[in-house]
Every structure is written in structure tokens, then in C-alpha cells.
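Look at the structure first, then read on.

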Amino acid sequence: MARFMSRLWCKVESSGRHLPIVLNAVLVFSITAEVSYLVLVEAPLEPEQKKTEWSTMWKAMHLFAQYFMLGNITWNASLFVKTNPSIRGVFLGGDALGQGWRYCYNCETHTPPRCSHCYDCNVCVLRRDHHCVFFGECVGFHNYRYFLTCLLFMWAGLLYAVVMNAEVFIVILKEGVTFHSIMLLLVPWIMLVSGQVTARAFAFAFIADTCVLGFLLVAAFLFFHVALMLRGQTTREWYSTRQPYNLGALANIRECLGKYWYICWLCPLIPSPLPGDGINFKVTGSLEPTK
């Protein structure tokens, strides 16, 4: 009985690790399907425009932009999860330990600077930034590019969804921005239960609210990590006022996104080799904490 419960708990724990990924996938694909419906059926065009070739071109451009962002989100997320950021399979070369090296009693090995142990992944991660609960994986030296690019396209996709929902929402109301429309956006459930709006208007309002909240959340994460990248810091190093690895904005971007940083963000298939190895870093300041 104890062995059965242990196996059952292991399966539940393993499934729980993938639950955030499943929920994120459902959210992304649901918003994509809803925006596709808006473009194809509820397109906010004038009646005269809907009968012309401009309508077809308008829809084609919007659908291309939408699915280009969806493809980048899913591909970057897949590469982020598949790329190993840990020290497993990495020769650390601990014969000549320098400043910043530490001994990890959990992994029973010496680890290089900026490397720390993740108790969720149960392994040390090179240039560890944080453990991302949305993907169930650590953000480190080798997968930081995919994490940041995924955030960028999620932010752009949610912004696009917010704009599309806002345009269609105003068209559906046919009365512009009023107190009634503001209340529908703020408390859609109360407006639906009280019979003030139709189920169709409620659905658009609820999805619009979800997109706005998601946009604000992703924007906060994105801008925070862009600021960290420009300063040459990780989330763990942000708590300190020291910036010993700050090489300048351009060099810091190259350290995170690779040699072809100016174009690699367009597609995860574009190769952009990183200048370092995640073990040795150029130091421009003191590694010792300030007193």
C-alpha cells in the first residue's frame, strides 16, 4: 500500500510540474482563436469596405501577424523548456578555482560564479536567474534568449488582442464609451447576472479584461528583464547594488542574446551563438559584498 501511494504521489507530482505549461498553452491558443474569430467574423470595418478586396487583404495581414506571433511564442517556449540550463553534462574544470566559485553540498561539486542551486529542479543552474513557475523550468545562461523572446511576443500578442477586442467591443455597443460600457468592463459578471447585457457582450468584455490583465503582467516581467539585461544582472543579483558583470548595454545584450542579437529575436531558428560558456565571465567590479 505504501509503495502504491508513493508511486501515485510521484505521478501526481510529475503531472503537477507540467500543469503550468498546459494552462499557459490553453490560454494562448484560446486568445488566438478568439482574435481569429474577431478578424474573420466581427472585423471592425465599414459596410462598404467589407465588400471590397481591401477586406480580404486586411484580414490576411491581421491573420499573418497573429499567427506569426503565435508561432514564435510556441517555438520559443518549446526551446526554452528543452534547453538544459543546468550543470549536468557540463565540464566545469574545477582544477583552478577562481574568485566567485563555491561548493554545492547538494550537487557535491564546485560551481562557477553566478551559478546557484535550484531546489525545484534539484540541480545547479549556470548563470541562474530564477525558476519560472509558468514553464516549470529554470531560466539560465543557455535558455535566457528563448525566455526573453517568448515574453516579447506574448506581450505583443496580448497588446494586439487588447486593441482588437476594444475596437469590436465599441462597435458592438454602438454607443461609444459610456458609464454602462465602463461598468461592463469592470464588473462583467455582475452586469450579466443582473441582466444588463447580453451573453455575447459579456463574452467580449470578459476576454478583453483577461487580455488587459495578461498584458500588464507580461509587460511588467518583460520590462523588468530588459532592464536587468541592459545592466548585466540576473534577478538574484538585482537585490544587490553591485554590478560586477556590467560590460555596457550593447555588450550585455550580446551576452544574453548572442552574436546576432539584432535579428535573432525575429525567429528562434536563427542561430545566434553566445560569446561565453556560462562558466567564465568578464568582471568589471568587485565580487565582494559592500559593507
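Cys-132 is buried, at 4% relative accessibility. Buried means under 20% relative accessible area, exposed over 50%, and partly exposed in between, with a 1.4 Å probe and protein chains only. This is a predicted model, in which local features need pLDDT of at least 70 and side-chain atom pairs pLDDT 80 or more, while totals for chains, interfaces and linings use all residues. Residues are numbered from 1 along each chain as its sequence is written, and side-chain values use heavy atoms, without hydrogens and water.

**Cysteines**

How many disulfides does a search of the whole structure find? The search finds zero. A disulfide here is a pair of cysteine sulfur atoms within 2.5 Å. Cys-118 has its closest cysteine sulfur in Cys-138, 3.2 Å away, so the two are too far apart for a bond. Cys-118 is also buried, with a relative accessible area of 1%. Cys-132 is in no disulfide either; the nearest cysteine sulfur belongs to Cys-150, 8.6 Å away.

**Cores**

The largest nonpolar core has 37 residues. Such a core is a set of buried Ala, Val, Leu, Ile, Met, Phe, Trp, Tyr and Cys residues joined through side-chain atoms within 4.5 Å. Val-35, Phe-80, Phe-147 and Met-164 have the most contacts inside this core. Helix α3 gives the largest share, 13 residues. Helices (H or I, at least four residues) and strands (E, at least two) are DSSP runs, numbered from the N terminus. Leaving aside neighbours within four places in sequence, Phe-80 is in contact (heavy atoms within 4.5 Å) with residues including Cys-132, Cys-138 and Phe-147. A second, separate core of 16 residues includes Ile-87, Cys-115, Val-123 and Val-125.

On a 1 Å grid over the protein atoms alone, a cavity is a set of points where a 1.4 Å probe fits but cannot get out; a pocket is an open set with protein on both sides within 12 Å along at least five of seven lines; lining residues have an atom within 4 Å of a point. Volume is the space filled by probe spheres set on the points, which are joined across faces, edges and corners.

| Space | Volume | Lining residues by type |
|---|---|---|
| Largest pocket | about 600 Å³ | 23 nonpolar, ten polar, no charged |
| Largest cavity | about 110 Å³ | five nonpolar, two polar, four charged |

Asn-24, Met-154, Leu-158, Gly-214 and Val-218 lie nearest the centre of the largest pocket. Helix α6 gives its lining the largest share, nine residues. The lining of the largest cavity includes Arg-114, Arg-127, Glu-255 and Lys-282. For the types, Ala, Val, Leu, Ile, Met, Phe, Trp, Tyr, Cys and Pro count as nonpolar, Asp, Glu, Lys and Arg as charged, and the others, Gly among them, as polar.
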